[in-house]
Amino acid sequence: MSRYLISIYHDESAQQQWSEAQVADYNSVFHQYMQALQKSGTLLRMIIPMPSTTATTLQVRNGKTVTVGTPFAGVKEQPYTYCLLDCKDLGEVMALATKMPLAVNWSVEIRPVIDVE
């Protein structure tokens, strides 16, 4: 088995225009899907970052640290969820990612990862 990082990105400004009912429906479907992955043993870990308004970006230039209280400049889509999956190959993880409810509206990136103990 191999491990893959699924990174889901979304446009926060577009999502903020959803009604409460839309958000509730979407969250319900997403939660059910993730529970199924967890029950199957495929989902190893899921991390949901706070909204980009809580982000701090830092850079070290010429020995000095500069912080910016916003997410990385110029990036429209922000991280929504990171999932670590254990799958037999890229084909399996792609099939699972295609069925992910979030893929309908947002971007899903798949990367193999190296386990470092």
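In what sense do β1 and β5 pair, and over how many bridges? They pair in the antiparallel sense, over nine bridges. Two strands count as paired if DSSP finds at least two bridges between them. One of the links is between I8 and its bridge partner in β5, T81.

This is a predicted model, in which local features need pLDDT of at least 70, side-chain atom pairs count only at pLDDT 80 or more, and totals for chains, interfaces and linings use all residues. Residues are numbered from 1 along each chain as its sequence is written, and side-chain values use heavy atoms, with hydrogens and water left out.

Start with the whole chain. Its secondary structure comes to three helices and six strands. Helices (H or I, at least four residues) and strands (E, at least two) are DSSP runs, numbered from the N terminus. Read along the sequence, the pattern is β-α-α-β-β-β-β-α-β. The C-alpha trace spans about 45 × 45 × 20 Å along its principal axes. Of the 117 residues in the chain, 26% are buried. Here buried means under 20% relative accessible area, exposed means over 50%, and partly exposed lies in between, using a 1.4 Å probe and protein chains only. Contact means heavy atoms within 4.5 Å. Among contacts between residues at least 6 apart in sequence, 78% join residues at least 24 apart.

Now the sheet. Four strands form an open sheet in the order β2-β5-β1-β6, with antiparallel pairing. β2 (43-47) and β6 (107-112) stand at the edges, each with a single partner strand, so one side of each has no neighbour in the sheet. Neighbouring strands are turned by 20° against each other on average, direction ignored. Four bridges join β2 to β5, which covers residues 78-87. R45 has L84 as its bridge partner in β5.

Two helices lie across this sheet. Helix α2 (residues 20-40) lies across β2 and β5, and runs at about 145° to β2. Helix α3 (residues 90-99) lies across β1 (2-10), β5 and β6, and runs at about 160° to β6. Axes are lines fitted to C-alpha atoms, for helices over the stretch in contact, and angles run from 0 to 180 degrees between N-to-C directions.

Seven of its 10 residues are buried, so β5 is largely enclosed by the rest of the structure. In a regular strand the side chains alternate between the two faces of the sheet. Take T81, found in β5. T81 counts as buried, at 0% relative accessibility. Not counting residues up to four places away in sequence, T81 touches I6, S7, I8, F30, M46, I47, I48 and P49.

L85 also has its place in strand β5. At 1% relative accessibility, L85 counts as buried. Leaving aside neighbours within four places in sequence, L85 is in contact with S2, R3, Y4, I6, L37, T42, L43, L44 and V93. L85 and P112 are 27 residues apart in sequence and 9.5 Å apart in space, C-alpha to C-alpha.

β5 also takes part in the largest pocket. What is the volume of this pocket? It is about 210 Å³. A pocket is an open set of points on a 1 Å grid over the protein atoms alone, where a 1.4 Å probe fits, with protein on both sides within 12 Å along at least five of seven lines; lining residues have an atom within 4 Å of a point. Grid points are joined across faces, edges and corners, and the volume is the space filled by probe spheres set on the points.

The lining consists of H10, E12, Q15, Q16, I48, P49, M50, P51, S52, T53, P79 and Y80. By class, six are nonpolar, five polar and one charged. Ala, Val, Leu, Ile, Met, Phe, Trp, Tyr, Cys and Pro count as nonpolar, Asp, Glu, Lys and Arg as charged, and the others, Gly among them, as polar.

P51 counts as partly exposed, at 41% relative accessibility. P51 and Y80 are 29 residues apart along the chain, and their C-alpha atoms are separated by 8.0 Å.

Finish at N62, in the loop between β3 and β4 (64-68). N62 is exposed, with a relative accessible area of 81%. Its phi is near 55°, a positive value in a residue other than glycine.
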